2 protein chains.
Amino acid sequence: MRSQADSSGNSKRRHAAAVTIHDVAERAGVSVATVSRVFNDKGPIREATYQRVLAVAERMRYVPHAAARSLSTRKTSTIGVVLPELHGEFFSEVIRGIDVSARSLGLHLIVSGSHSDREEMSAVLRAVRGRVDGLIVMSPDLDATTLLRDLPDYVPVVVLNALVEGRPSITIDNAGGARAVVRHLAALGHRRIAFAGGPENNGDAVQRRRGYRAGMRAAGAEIESSLELSGNFTEDSGYDAAKKIAGRSQRPTAMFAANDAMAIGALSAFNETGMRVPDDIALVGFDDIPIARFLSPPLTSVKVPIADLGRRSLDLLLDTSKTKRSETLKTSLMVRQSCGAGRTRTRQNEKGDS
Amino acid sequence: MRSQADSSGNSKRRHAAAVTIHDVAERAGVSVATVSRVFNDKGPIREATYQRVLAVAERMRYVPHAAARSLSTRKTSTIGVVLPELHGEFFSEVIRGIDVSARSLGLHLIVSGSHSDREEMSAVLRAVRGRVDGLIVMSPDLDATTLLRDLPDYVPVVVLNALVEGRPSITIDNAGGARAVVRHLAALGHRRIAFAGGPENNGDAVQRRRGYRAGMRAAGAEIESSLELSGNFTEDSGYDAAKKIAGRSQRPTAMFAANDAMAIGALSAFNETGMRVPDDIALVGFDDIPIARFLSPPLTSVKVPIADLGRRSLDLLLDTSKTKRSETLKTSLMVRQSCGAGRTRTRQNEKGDS
DNA sequence: TCGCGAAATGTAAACGGTTACATCCGCTTA
DNA sequence: TAAGCGGATGTAACCGTTTACATTTCGCGA
């Protein structure tokens, strides 16, 4: 009845309206329940019926309406991914890690980034009802984590790179990675090691700085505020920091940048000023983004399993068993030429000295 | 009736069920229609009622159910973005461009990448009913464009970097950019210019090669098959290509890589083999990804307005007026040191010699 | 041939909103 | 004062599925 109301004159409706399960049912001479059963492989269906319905649906190009299905089943087959921004190799790699897992599970991904202000992020977080089955949230911006507190608790959430009470999370061993860098440089004889840090309110940056200081203390080197430069994870800020160092009379012999982007900026600056890496100054980064090994000289960096971060977070989100609420991913130091240690080799971070 | 059925014993249902518009209506002493009107700013509402409903909704933490709303309005406020893969600066930048526009329009983004096989992509393309209002599809893989043909025609689609009959599209002037590179190198005196190409079945790659050849002809240089190396847009393939060139007795004096990733790989290879860029060999890339200017030497590259690509595609998708069905984005040559032309400067591609 | 349990299918009520239409209300106006 | 009117609100159908439950059909042994 419903669908033949306008079967008379205006055969082309506004948009050649999509065919519904009712249309298929009618054409196949069965009820909508049967069609539904066929499409969901539920309940007993006679083989002949099954084939006929499938054939009719195929011919009519029937595709189930996702929203209707979601409304009925209370499942969306969609995961929300909230990142601080979408720019750069790091985030792209995180998304990819999640996407690969999601695809194999038949899940879709809603992404959203660049949340300038708190209000905006709050709006995104609230718009989830009926849109996603779960959320993966990375918010290294320290204060933003409080936002999660007033998220409705029926939404499963996994937090990346931050700790939020009552929520499972996946973090990177930032401090451990940073300590390993300093330890390595110290073993190469460096004592005056500069550190180009990330944003003040960024959790990762804070921990990396902490690891740097711990490493310096452990190496018996002195922590001077003049050795710590500020930055914001961009190439430009790394460039600026390196320029400052290059301009000094008494230079450090090594520089540790809080991420690879800054290391790349620094490398550029050193090249411009005629300082040779690693001969005049050793340089180490953090993240080990894909192009790190293609720089000149190849950049020694702390490898964080970025794609794993994405993959594991989805696993954790879907894991309803309440075990393993949080994990920390180990990093490893990729030793290349920019630190002056010669050939490439990997050194697994051993735990300890927390 | 609906909601007070279990008001007796089991007050805590399975999940502290979300509050619906009915709950709000009941509590506020109005009908659901009124609540709906308040939330959508539709129809006349007495100020007092408006405020009361809003207050009650706030107190109950009511959030509209997206799927229910979609079902009713036939709008999802969501755009699907289908990319060949999610990896790398290029795609991350495209997504960001779209995301920024989308956010300002209150739209959500479903992304999906790495479509290994045709079947998989077809499945994604079909799963759109009731899930997205429109699709932005980048499929430089030439044969994949045929997939779009059997997409239901009620789904608006914008195609990126490819031409599909009957669909609006945004493309990059690949050939023009490539010609500009060769022209520039020729002006610097180069005649033997090698070209490291991208994947055979990639539309961008094909056009860039075409532009290279056109440029060579225009410059009166000869096109030798020995000058054209194969690659696949990865750093590794650029590295390999450069190694091959370095090993030759009679080397070309310049190399043009079909994208920046390959140029980076090539730069790495040249450094390893002791060839100096640009003194021993000039090098030019394509895409002008953010780190290009931080390489050593800074990489001359063809700038494509990647973020614009994303932004414009969303505009085009939402533009219902049937005008301006397709556009081509102009590229510009960013001259830096890797080509041996000295200081950085931009050169706008003039049109001509198609 | 009949009866019966299981298999197959149908019926209709959700799911949570939106919205055309009906209704009600308080004023203005004749 | 009653009709008329527009603004405010309520009623209920509908969007396209899923699914509990009812009903029909089938196969088979008695």
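Reply: **A helix pair in chain B**

H5(B) and H11(B) make a right-handed crossing (the near helix is turned clockwise from the far one by less than a right angle; helices are DSSP runs of H or I, at least four residues, numbered from the N terminus). Bear in mind that this is a predicted model, where local features need pLDDT of at least 70, side-chain atom pairs count only at pLDDT 80 or more, and totals for chains, interfaces and linings use all residues. Residues are numbered from 1 along each chain as its sequence is written, while chains are lettered from A and ligands numbered from 1 in the order in which they are written.

H5 covers residues 89–104 of chain B and H11 covers 306–318 of chain B; their axes sit 7 Å apart at an angle of about 40 degrees (axes are lines fitted to C-alpha atoms over the stretch in contact, with angles from 0 to 180 degrees between N-to-C directions). That angle is why H5(B) is called oblique to H11(B) (under 35 degrees is roughly parallel, over 145 roughly antiparallel, 65 to 115 roughly perpendicular, the rest oblique).

Who touches whom? H5(B) brings residues including Phe90(B), Val94(B), Arg96(B), Ile98(B) and Ser101(B), and H11(B) meets them with, among others, Ile306(B), Leu309(B), Gly310(B), Arg311(B) and Leu314(B) (contact: C-beta atoms, placed from the backbone, within 7 Å). By class, the contact has 10 nonpolar, 4 polar and 4 charged residues (Ala, Val, Leu, Ile, Met, Phe, Trp, Tyr, Cys and Pro are nonpolar, Asp, Glu, Lys and Arg charged, the others, Gly among them, polar).

Note on methods:
Helices (H or I, at least four residues) and strands (E, at least two) are DSSP runs, numbered from the N terminus. Two residues are in contact if their C-beta atoms, placed from the backbone, lie within 7 Å.
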